[in-house]
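Hi,

Here is the structure I promised to pass on to you.

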Amino acid sequence: MTEPKTAPPATPLAKPARLGERPAPFSRYTAEALWTDDHTSARMLAFHLDATGDIASRNAAFIDRSVAWIVSRFAVGPHTAIADFGCGPGLYAQRLARCGARVTGIDFSARSLAHAREAAVREGLAIRYLQRNYLDFHTADRFDLGLLIMCDFCALGPAQRHTLLRTFHRVLRPGGSMLLDVYSLAAFAERQEAAIREPQLLDGFWSPHRYDGVLNTFKYHREKVVLDRYTIVEAERTRTVDNWLQYFSPETLAEECARAGFAVEALFADVAGAPYNPAGHEFAVIARKKESGTAVR
């Protein structure tokens, strides 16, 4: 899950301090549990396929504008090889393949990839989908463009982000480009700490069975990080899912890119090419791979 778009109805807890200690930033990584669980992956796929919503994917109208801009900006055509990291059910991959690009989609949700493959077959699109954790992605193929969209970069800790950027650097051709978007410091300023408890928290998102859900939101001012920690209490089990989000300034994102061998070339408000807005909740960058040997490993 990414930054909440709407707040669920919530009942404040009388003594939120009893819900647990504040963990160190990015001390647990539970993303795979979220995306591979049978129930939550089905709910996430439904959110992806909601053409009007912006929860798991952006709405269809925005994606259409975004793809049109990407095709124009990067002169996408039959000779363009694109790696779509975190491709989900292929909403970007399909549109880019329709424009002639040779697209590889990487995601670790079997359910989302099954939908993506079926859609590609129906349209006769030659898209290659790989079920992988993109932090462990290795290939001999080389790409002209790498995508990481929907602020997925923000859900990773510092070491994971460096690993991913180095993966982009490795799989891109000389002079290849990377396009990604992130949450801004303006968005961070609006986040608030909270503790809420609710039966069937998030409208039954976490389980098909009855459960009691607890959401603790922790804000780390120095690190510019927010944790939404979901504790799901069912009759047979209790589990915790941590949704970390790192917030960036253009300078801090450029520094991370530079350490991995990229130079930021352009800054936008979003991945549809809107002009950068310092007050916006998100921003996007195009970063170009530097010459070999310039990256810190």
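Predicted model: local features only at pLDDT ≥ 70, side-chain atom pairs only at ≥ 80, totals over all residues.

The largest nonpolar core has 36 residues. Those with the most contacts inside it are Phe85, Phe153, Leu164, Met178, Leu180 and Leu253. At least two residues each come from β2 (81–85), β5 (143–148), α6 (158–171), β6 (172–184), α7 (185–190), β10 (238–248), α9 (250–259) and β12 (282–289). The largest share is that of β6, with five residues.

Leaving out residues up to four places away in sequence, leucine 180 touches Leu148, Phe153, Leu165, Leu253, Phe283, Ala284 and Val285.

There is also a second, separate core of 33 residues, which includes Leu96, Ala116, Ile127 and Leu147.

**Helix α5**

Helix α5 runs over residues 110–123, 14 residues in all. From its first C-alpha to its last, α5 reaches 20 Å, close to the 20 Å expected at 1.5 Å a residue.

Which residues of α5 are buried? They are Ser112, Leu113, Ala116, Ala119 and Ala120. On the face turned away from the buried side, α5 carries the exposed residues Val121 and Arg122. After α5 comes glycine 124, with a positive phi near 70 degrees.

**Helix α2**

The N-terminal end of α2 is capped by aspartate 37. One of the side-chain oxygens of aspartate 37 lies 3.0 Å from the backbone nitrogen of histidine 39.

**Serine 66**

Where does serine 66 lie? It is in helix α3, residues 60–73. Serine 66 counts as buried because its relative accessibility is 0%. Its side chain makes a polar contact of 2.8 Å with the side chain of tyrosine 92. Setting aside neighbours within four places in sequence, serine 66 is in contact with Tyr92, Val271 and Ala272.

**Arginine 22**

Arginine 22 sits in the loop between β1 (11–12) and α1 (31–36). Is this residue buried, partly exposed or exposed? Arginine 22 is partly exposed, since its relative accessible area is 42%.

Not counting residues up to four places away in sequence, arginine 22 touches Glu193, Phe218, Lys219 and Tyr220. Two of these contacts come with distances you can check in your viewer:

- The side chains of arginine 22 and glutamate 193 are joined by a polar contact of 2.6 Å.
- A polar atom of the arginine 22 side chain lies 3.1 Å from the backbone oxygen of lysine 219.

For orientation, the C-alpha atoms of arginine 22 and cysteine 151 are separated by 24 Å, and the two residues are 129 residues apart along the chain.

That is everything from my side for now. Happy browsing!

Best wishes

Terms used
Residues numbered from 1 in each chain as written. Heavy atoms only, no water. Helix = DSSP H or I, 4+ residues; strand = E, 2+ residues; numbered from the N terminus. Expected span 1.5 Å × (residues − 1). Buried < 20%, exposed > 50% of the residue type's maximum accessible area, 1.4 Å probe, protein only. Contact = heavy atoms within 4.5 Å. Polar contact = N/O pair within 3.5 Å; in protein donor to acceptor, adjacent residues only side chain to side chain. Core = buried A, V, L, I, M, F, W, Y, C linked by side-chain atoms within 4.5 Å.
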